[in-house]
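Please take me through this structure one selection at a time. At each stop, tell me what to select and what is there.

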Amino acid sequence: MYLNFNNTAFITIVLWIIGSLFILCDQKIKNGRLIGNLFTIIGTLVIIVFVIILWIEIERPPLRTLGETRLWYAVFLPIVGILTFIRWQYKWFLFYSLGLAILFLAINISNPENFDKTLMPALQSPWFVPHVIVYMLSYALLGVSSAVSAWGLYLIKFKTFKPELLNKADNLVYMGFSLLTLGLLFGALWAKEAWGHYWTWDPKETWALLTWLCYLLYIHYRYKHKQKIITALWILALSFIVLLICWVGINYLAVSGNSVHTYSD
Amino acid sequence: MSNNRKIIWQYPWGYAESFIIAITLLILGFAINYIGKSTVSAIQLPVNLYMGIAIIILLLLFYFLFKKKPFVKWLSGTPAAISAICFYTFLVLLMGFIPQGLPKASGFIHEIGLSDIVSSHTFLFAQIYFLVILGMVTLRRSFPLKGKNIGFFLNHFGLWLTLFSASIGAGDLQRVTLTANKTDAVFYGVDQNGKIIPDLSIAIQLKEFNIEEYPPKAFIIDDKSGSILNKELFYLKKGNKGEIMDREVEVTEFYKYGVYMSNKFHPVYDIGAAPAAYVITKNKKTNKVNEGWISCGSFRYPGKFLELSDGMLLVMADPEPKKYSSKVKIYTSSGDAFETTIEVNKPVTVDGWKIYQLDYNHKMGKWSDISILELVKDPWISVVYFGIFMLIAGALYMFWIGNKK
């Protein structure tokens with residue numbers, strides 16, 4: 001295979017870091033912000049092109065293993081980060097998403113993958129791509145909203161919290177939650193076609209439902225109690241922990257034995 | 001809630017009352033599981049249909065007769081909704097940690113119904129509590145239905161309909177395993193409870209079973225322990241070159257169907273013929289060359305491996321299936337007969353049965369003489385799907401609008 005993940009990831013990381021430095025010093029450098037944006041966008045394009053070539057090369061969607069989903073995360077997080085930065089000018093937000101994406105790429109560099117071509121028959125379905133992609137997008141959005149909650153809890157400690165921050169998080173949660181709903185429902189429709197029933201309380205399904213319920217709780221709590229910021233921030237932070245268990249932690253739980261969602265890591 | 005401390009159970013009810021009710025239901029559920037030592041048995045058609053209609057009429061009557069009463073206001077309010085979500089979430093959380101439905105579950109956890117939560121009374125109570133509250137809030141916002149409430153209606157009523165129809169229809173779900181063979185048409189099967197269903201009203205005969213496979217992979221294993229040593233991935237295909245554990249590897253010949261005769265493999269299409277590859281390896285450090293045939297073998301022929309130095313063997317793994325499918329002839333009760341192909345992810349619907357490709361004889365692999373099919377009947381599926389599509393529409397609406405009012 002002529003694709004070299006390490007080199008590509010390295011180039012992307014370097015471009016993102018250069019871009020971030022330009023944005024960080026945009027007061028001192030003329031057009032610093034524009035140049036910085038360009039670097040981060042080009043870095044993201046490099047990794048996107050890698051994913052496309054990989055997809056063609058391995059003759060299946062690269063969405064099967066945990067490492068492959070990390071790769072998608074490293075694509076979606078910067079996109080969300082750059083768009084949000086251009087829209088709302090939050091530097092910390094861009095740095096957070098780029099930082100996390102770099103972390104994911106670094107994990108993948110240290111755990112080399114073979115990008116196995118095989119894909120079990122049950123995964124050979126038109127539902128496969130939309131099901132996983134909406135989840136990845138949703139996780140990226142909800143991940144950012146959880147960062148907002150952590151940041152908010154930090155600001156509250158120093159009494160500099162502004163309620164508008166949580167309103168932004170709400171928007172991310174609404175978008176992330178609707179994609180979470182779509183992922184769950186696409187999964188149900190697919191399961192009916194592949195396994196005969198739309199819901200079987202598979203451990204991954206159980207945890208996906210739990211994640212969904214936690215964010216459902218957050219939305220209802222925020223709807224009623226706009227003023228109770230601290231509780232809302234905590235619900236948001238804890239919801240993300242449930243999400244993380246669903247995404248990666250599930251393989252370590254006693255219940256995961258007979259899941260149709262156990263992938264080789 | 002007001003700032004003045006109000007006495008508990010004095011209207012309007014808030015979080016304290018909501019959570020006391022939810023926790024009482026939770027404990028009551030555990031107690032009934034413990035004392036009754038029984039699970040909730042699913043109701044079937046037509047009882048569930050009548051009950052479903054009765055519940056809907058009751059909910060409507062209750063709402064329209066008492067909508068001004070504080071009790072109904074509480075039922076359709078946020079504190080009640082949050083207590084119901086928490087109640088439900090708590091049970092799902094337990095399900096997320098306690099392995100469910102194990103055949104030999106015992107002990108206290110089992111006796112209060114936690115080893116099979118879905119069929120416990122506690123879960124039934126959570127479901128009823130959730131559905132009543134969700135139903136009430138849906139009714140409150142739907143009469144009169146305003147344009148700006150469309151997203152709310154799609155999400156709440158969609159969820160209500162999905163959960164409601166999935167729950168009351170659960171008893172009508174029939175999943176029957178049928179083992180089709182080539183000699184005769186099979187019209188019986190075994191359902192999900194292990195009960196034999198003597199007449200399915202359709203019969204199925206296997207015409208041809210097919211597996212499409214990925215090229216097999218090569219591995220280097222330890223002669224003694226049998227464990228895989230290499231991390232690299234190498235597919236055995238004619239002309240494929242690569243490296244495994246500092247050895248250059250080249251495949252000079254590959255037969256998808258090979259039979260070993262007089263010291264070499266021949267391309268023969270015969271029952272049990274297995275993939276075979278001629279491989280040349282060169283140790284990059286010692287320049288030592290090892291070459292020979294390898295094969296994963298089959299139920300009929302033994303496998304072959306290539307001995308390398310240092311007690312290592314080059315072996316071929318069984319090829320992994322890409323897709324498998326059954327060409328079958330189906331006879332319906334009306335006397336029709338037709339041929340069709342059933343594939344994983346591509347079920348076929350006949351006479352209300354949805355027929356799935358489930359399994360085959362793994363020992364015989366692609367030469368399997370049977371095909372295991374699953375026949376599924378779920379008369380409530382269209383109602384559940386109606387709910388699911390409302391939810392999808394609601395989610396798209398929500399994505400578009402966000403939390404803007």
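Buried area is the accessible area, found with a 1.4 Å probe, that two parts lose on being put together, summed over both. Keep that in mind for the stops below. The model on screen is a predicted one.

**Stop 1: the two chains together**

Select chain A and chain B and colour them separately. Between chain A and chain B, about 4,800 Å² is buried, and carbon and sulfur atoms give 68% of that area. The contact involves 51 residues of chain A and 55 residues of chain B. Between chain A and chain B there are 14 residue pairs in polar contact, counting pairs with both residues at pLDDT 80 or more.

Now hide chain B and keep the side of chain A that touches it. Which elements give two or more residues to this side of chain A? They are helix 6 (163-195) and helix 7 (203-224) of chain A. Helix 6 of chain A supplies the largest share, 18 residues. Sorted by class, this side of chain A has 31 nonpolar, 14 polar and 6 charged residues.

Bring chain B back and look for the salt bridge. The interface of chain A and chain B has 1 salt bridge. Select Lys354(B) and Glu193(A): these two form a salt bridge, with their closest N and O atoms 2.7 Å apart.

**Stop 2: inside chain A**

In the contact, 17 residues come from domain 1 of chain A and 21 residues from domain 2 of chain A.

Domain 1 and domain 2 of chain A bury about 1,900 Å² between them, with 86% of it on carbon and sulfur atoms. How many salt bridges are counted between domain 1 of chain A and domain 2 of chain A? The count is 0. Polar contact is found in 3 residue pairs across this interface, both residues being at pLDDT 80 or more.

Next, select helix 3 (66-88) and helix 4 (91-110) of chain A, the elements that give two or more residues to the side of domain 1 that touches domain 2. Helix 3 of chain A gives the largest share of that side, 8 residues. By class, that side of domain 1 of chain A has 15 nonpolar, 1 polar and 1 charged residues.

**Stop 3: a pair of rings**

Over all chains, the count comes to 48 aromatic pairs. For one of them, select Trp151(A) and Tyr154(A). Their ring centres are 5.5 Å apart and their planes are at 15°, so the pair is stacked. Both residues lie in helix 5 (residues 128-157) of chain A, 3 residues apart, which is about one turn of the helix.

**Stop 4: chain B**

Show the side chains of Arg175(B) and Glu374(B), which meet in a salt bridge (3.1 Å, N to O). Arg175(B) lies in strand 1 (residues 174-181) of chain B and Glu374(B) in strand 17 (residues 370-377) of chain B, so the pair ties together parts that are 199 residues apart in sequence.

How values were computed. Residues numbered from 1 in each chain as written. Chains lettered and ligands numbered in written order. Predicted model: local features only at pLDDT ≥ 70, side-chain atom pairs only at ≥ 80, totals over all residues. Heavy atoms only, no water. Contact = heavy atoms within 4.5 Å. Salt bridge = Lys/Arg side-chain N within 4 Å of Asp/Glu carboxyl O. Polar contact = N/O pair within 3.5 Å; in protein donor to acceptor, adjacent residues only side chain to side chain. Helix = DSSP H or I, 4+ residues; strand = E, 2+ residues; numbered from the N terminus. Nonpolar A, V, L, I, M, F, W, Y, C, P; charged D, E, K, R; others polar. Phe/Tyr/Trp six-rings, centres within 6.5 Å; stacked < 30°, edge-to-face > 60°.
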